[in-house]
Amino acid sequence: MTAKTTCLPLAPAALALAGLLAAGPAAAQAPTQPARPATAPAAALGTPAAPAAGPWTLQRSIDYALEHNLNVRLSQLQSLNNAQILRQSKAALLPTANISATQAWQYGTSVNPLTFEFQNQTVRSSNFSGASQVVLFQGFVLRNTIRRNRLDYQASAADIEKARNDLSLNVASQFLQLVLAQELVRANQTRVASDEAQIERSQILLKAGSIPESTLLDSQSQLASDQLGVVTAQNQAVLARLSLIQLLNLDPAVNQDFAIEVPPLPDPDEEAPYLIDLNQTYQTAAARLPEIQAADLRVRSALTTVDVARGAYLPRLSLAGSIFSGYSSARSVTAVGTDSTARRTTFFVQNGGVLTPLSVLTYQRNVSTLPQNYWSQLDQNLGRQIQFALNIPLLNGLQVRTNVQRSLIGVQQAEVQAEQARLTLRQSIEQAAADARAAQLQYIYAKRQVAALTLTQRNSEIRFNNGLLNGTEFNIAKNNLNFAISNQIQAKYTFIFRRKVLDFYQGRPLAL
């Protein structure tokens, strides 16, 4: 029973800021907006960083995590990918131009690619072509695609900043959880020191015969329970420290001296009652948080997607040009040689009834068939073409209509998501404000409770030392005080974190 009472404060302690860690980014609507890509390559980011000297402040922890976190890097790479998609959509406005060439060998009966005559011989042919095309009108699909991709890129840039804000809130939550765990370790160590002093007094009183032996045994039992509480608190601190190291992407093996530096933090009761204008805080947060900006950009992107889909209803007009030439080994030319063959022909001419022979000598040049020159064929076979192409959609299985209807549904989905983002932000602000105010009030009354139980415990100690109070009743008084101290510590750091979350919503930096 005594051990259970002593360990109780640690369970809420672990859960208090663990809940803050889970609720932090969601409640804080931690933004994810455009961040510049880290200079370090992604492969280097996967390796835990080398040890860093000196204690870590909250600001240093946040800055280091932002530089080395892989989730932030992934968001940056996604934004870079969207930038390339935007670049490609802009390039789609430019004409296309392509050059092609083929080299072929034909065996047996085939069609001459240049004369289109059937032939039965081995033919080697070369074909060269170049073509270019530009879209003159396509229902503004290309321009609307550019608009949509630009909005998607801007939304992904906002996602980077949201990832950075989420990480900052997580680091702040884990940092304060480690501070809380260390506070609980010190509180439990104080109890152990008090138990040890009490045992020394009990042993003296036992020897004097002022108290029974059972009283000493009760004190020793309480010491064992509080020592267990110290070990439990130390384990919680070790786990909190490890979680923070992992969040910073540090290597625990080479960062064994990792320690945090915490400035003096004012107690919640030293401040005026924490009250804020929830509507003004919401308006400020909605105007600056990147997740709201990203949601609005995606609504605009969805509307542009509708314009892209509707563009398919309109005709498409394009201008194309091409040039072609080729060579075939089957093509030949007739060549007249420089030498000639002499031929004598005899004619008979009648003159006065007498046939007189007449001899005539003629010369004929030699003629041969030769393959046509490669470059000459390319020049003679050169062809050019220019054409306008008009495509008017009439009926395509209702694909265009279906795409338009789907894009309209996408608009509604984006609008609902944007509304949900705003609703989540408002609820998170309201919850954080309520938690901060509740934690402040809890601290105030826990402090009063600690003061009252301290007096009760002192009075019980006096009575116990005089033999007027048994060990069980004295341990109950001590455990009640210990439980109140733990509640006071938890309330303090819950208030600090929730106040920092609200400061973040109001545009203030996360700093202790």
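Is Asp-166 buried or exposed, and what is its relative accessibility? At 16% relative accessibility, Asp-166 counts as buried, a term for residues under 20% relative accessible area, with exposed meaning over 50% and partly exposed in between (1.4 Å probe, protein chains only).

The model is predicted: local features need pLDDT of at least 70, side-chain atom pairs count only at pLDDT 80 or more, and totals for chains, interfaces and linings use all residues. Residues are numbered from 1 along each chain as its sequence is written, and side-chain values use heavy atoms, with hydrogens and water left out.

View 1. Helices (H or I, at least four residues) and strands (E, at least two) are DSSP runs, numbered from the N terminus. Lys-162 is partly exposed, at 23%.

**View 2. Asp-195 and Lys-478 meet in a salt bridge.** The N to O distance is 2.0 Å. Because Asp-195 lies in helix 6 and Lys-478 in helix 12 (residues 471–505), the pair ties together parts 283 residues apart in sequence. Asp-195 is buried at 2% relative accessibility, and Lys-478 is buried at 5%.

**View 3. Glu-461 forms a salt bridge with Arg-201.** Their closest N and O atoms are 2.4 Å apart. Glu-461 belongs to helix 11 (residues 399–465) and Arg-201 to helix 6, 260 residues apart. Arg-201 is partly exposed, with 30% relative accessibility.

Definitions and conventions
A salt bridge is a side-chain nitrogen of Lys or Arg within 4 Å of a carboxyl oxygen of Asp or Glu.
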